[in-house]
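Please keep the structure in view while reading.

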Amino acid sequence: MIPQVVQILAGEDFTVYAYFLDGAIRLLDAKPLLKQGGVFSPLRDQDTFRNSLTVMNGTVAWDLEGTRNASTCIDIDPCELYDSCPSTIDPLQEAIVSDPQLDPQ
């Protein structure tokens, strides 16, 4: 079965948290991709990296044109993300636990 990304969150310093359908969370460090240049060159701009980041084709993607056209986005193989990126804890968990309005007590 091909892993499927259902949610993403931009992290600091060109990282992306990828939330998978099976509950796994992987941390993508995109800096090596950006160093390759080519199709990844526009993503070297932090604002472009963060603002065009989305989920398309069931994986982490960047929609540079803003058209939601799955054939023109830059996306990462979900199998590669799942197999190569380290597992991590949910970065939002601490925010949820520390927010007194969300505390069930």
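Strands S2 (residues 15-20) and S3 (residues 25-29) are paired in the antiparallel sense, with 5 bridges between them. The model is predicted. In general, the strands of a sheet are held in pairs by backbone hydrogen bonds, in either a parallel or an antiparallel arrangement.

**The hairpin of S2 and S3**

- Together, S2 and S3 make a hairpin, and 4 residues lie between the two strands.
- Within the turn, glycine 23 has a positive phi of about 95°.
- Valine 16 has leucine 28 of S3 opposite it.
- Tyrosine 17 stands opposite leucine 27, which also belongs to S3.

**The sheet**

- The sheet is open and has 3 strands in the order S1-S2-S3, with antiparallel pairing.
- Strand S1 (5-10) and strand S3 are the edge strands, since each of them pairs on one side only.
- From one strand to the next, the twist averages 25°.

**Serine 52**

- Serine 52 is located in the loop that runs between helix H2 (46-51) and strand S4 (53-56).
- Is serine 52 buried or exposed? Its relative accessible area is 9%; because buried means under 20%, serine 52 counts as buried.
- When neighbours within four places in sequence are left aside, the residues in contact with serine 52 are Leu43, Ala61, Trp62, Asp63 and Leu64.

Technical notes. Residues are numbered from 1 along each chain as its sequence is written. This is a predicted model: local features need pLDDT of at least 70, side-chain atom pairs count only at pLDDT 80 or more; totals for chains, interfaces and linings use all residues. Side-chain values use heavy atoms; hydrogens and water are left out. Buried means under 20% relative accessible area, exposed over 50%, partly exposed in between (1.4 Å probe, protein chains only). Contact means heavy atoms within 4.5 Å. Two strands pair if DSSP finds at least two bridges between them. Axes are lines fitted to C-alpha atoms, for helices over the stretch in contact, and angles run from 0 to 180 degrees between N-to-C directions.
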